[in-house]
Amino acid sequence: MQTETVQPYLQVFESHELSNEEYHAETDHISGSSLHELLIRSPAGWRFKKDKEAKEKAKESTGAKQKPLTFGTTGHTCMLEPDRFDLEYYRMPDPDDYPDALTSVAAVTKWLKDKGIAGYSGKKMPELYPLVDMTGEDVMIWQRLWEHHQGIAGDREQVPAKDFDRVLMMRDVLLQNQDFHRIITEGTPELSIFAEIDGVKVKVRLDRITADREIIDYKTTQSAEPEKFGRLAFDNGYYLKMALQHDVFSIAYGAPKAVTLLAQEKEEPFLAEAFELTEEQLLLGRMMYRTALQIYKACRDANKWPSYSRGQRRIKLPTPGYIQARYPEYFKAEK
């Protein structure tokens, strides 16, 4: 797909033109995840959590090293952009691979004492290295090994060994399935589209557009069992998010062939299922995101961000449905 600007508020970027970090740092457009959170956490819950996250990111940017990526982000990159994964991520050592390594100052000083080496009292770990080297013995010190691998990693993201190995095994499972192999190897990955809907600037980042114009969104999950994942899909706002992806893609390229969630379990044997969203689910999702857009627009224009009560001074305490069913004689008015 070619990068193009069709109208002032429609721009398309491929992954090499706009990184995932740059996409998320952009704040002029609102995403499906933000719209979902605005609905379930209230405008205030979304707005002020966002401010807090921005401050935390600013604080992190002053540090020397970025925090490790989450497992989900690592998995997405491995599945959708394996070449970039190989170049930008590094597997850190696993303690299980080095069962004989000395893992503390106490362990190193005991080892030195057993070798008859003095002068270790009160020294920190790096100060013990020369004393160990004096023995000429090849002993493994865990902190020294870790520091060595940090040097090799350089600017690459340092991924815990178990997470690194797991995402590679998960990718192997998908590659062994002919249809999933096609999904994660063909087409265009990480396509960012910026557009305008109902007078609001919106943005989506599509995990993959297949060669035959199917939108694929990759999800790692505890369970890909259809009933369980179906409930999770609604609770996590996937109807809303995928309807927004469908409509923004349609603005840029015309209607997609289908909108599909590729769900893969995070534990062995890493079962995976492809779930195509129905027209009814997309219609419901469209109603939800357009409702959220209007709430967002009203709050933004007035610069007022109400909480759950939507600005009311006080609201009546709701009675859960199961309580009403248990005591129907008391709660007839609430039915």
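T77 counts as buried because its relative accessibility is 4%, under the 20% limit for that class. The model in which this residue is described is a predicted one.

**T77 and its surroundings**
- Helix α3, which spans residues 71-80, contains T77.
- The side chain of T77 forms a polar contact of 3.2 Å with the side chain of Y89.
- Leaving aside residues up to four places away in sequence, T77 touches P82, R84, F85 and Y89.

**Confidence of the prediction**
- The protein has a mean pLDDT of 86, and 90% of its residues reach 70 or more.
- Confidence is highest in α11, at a mean of 96, and lowest in strand β1 (residues 5-7), at 47.
- Over residues 56-69 the pLDDT stays under 50. For this stretch the model has 12 contacts beyond four places in sequence.

**The second largest pocket**
- The second largest pocket holds about 190 Å³ of space.
- Two or more lining residues come from each of α10 (226-235), α11 (238-253) and β10 (272-276).
- Helix α10 supplies the largest share of the lining, with four residues.
- The lining consists of P226, F229, G230, A233, Y238, Y239, L261, F275, E276, L277 and Q281.
- By residue class, the lining of this pocket has eight nonpolar, two polar and one charged member.

**The ends of helix α10**
- At the N-terminal end, α10 is capped by E225, which places a side-chain oxygen 3.2 Å from the backbone nitrogen of E227.
- Just after α10, G237 adopts a positive phi of about 80°.
- G237 belongs to the loop between α10 and α11.
- With a relative accessibility of 1%, G237 counts as buried, because the limit for that class is 20%.
- G237 and G32 are 205 residues apart along the chain, yet their C-alpha atoms are separated by 8.4 Å.

**The loop between β9 and β10**
- The loop between β9 (258-265) and β10 includes P269.
- The peptide bond leading from E268 to P269 is cis, with omega near 10°.
- F270 also lies in the loop between β9 and β10.
- Although F270 is not a glycine, its phi is positive, at about 60°.
- A relative accessible area of 4% means that F270 is buried.

**A positive phi within a strand**
- E190 is located in strand β6, which covers residues 188-197.
- Although E190 is not a glycine, its phi is positive, at about 50°.
- E190 counts as buried, since its relative accessibility is 7%.

Note on methods
Residues are numbered from 1 along each chain as its sequence is written. Side-chain values use heavy atoms; hydrogens and water are left out. On a 1 Å grid over the protein atoms alone, a cavity is a set of points where a 1.4 Å probe fits but cannot get out, and a pocket is an open set with protein on both sides within 12 Å along at least five of seven lines; lining residues have an atom within 4 Å of a point. Grid points are joined across faces, edges and corners, and a volume is the space filled by probe spheres set on the points. Ala, Val, Leu, Ile, Met, Phe, Trp, Tyr, Cys and Pro count as nonpolar, Asp, Glu, Lys and Arg as charged, and the others, Gly among them, as polar. pLDDT is the predictor's confidence in each residue, from 0 to 100. Contact means heavy atoms within 4.5 Å. Buried means under 20% relative accessible area, exposed over 50%, partly exposed in between (1.4 Å probe, protein chains only). A polar contact is a pair of N or O atoms within 3.5 Å; within protein, one must be able to donate a hydrogen and the other to accept it, and residues adjacent in sequence count only if both atoms are side-chain atoms.
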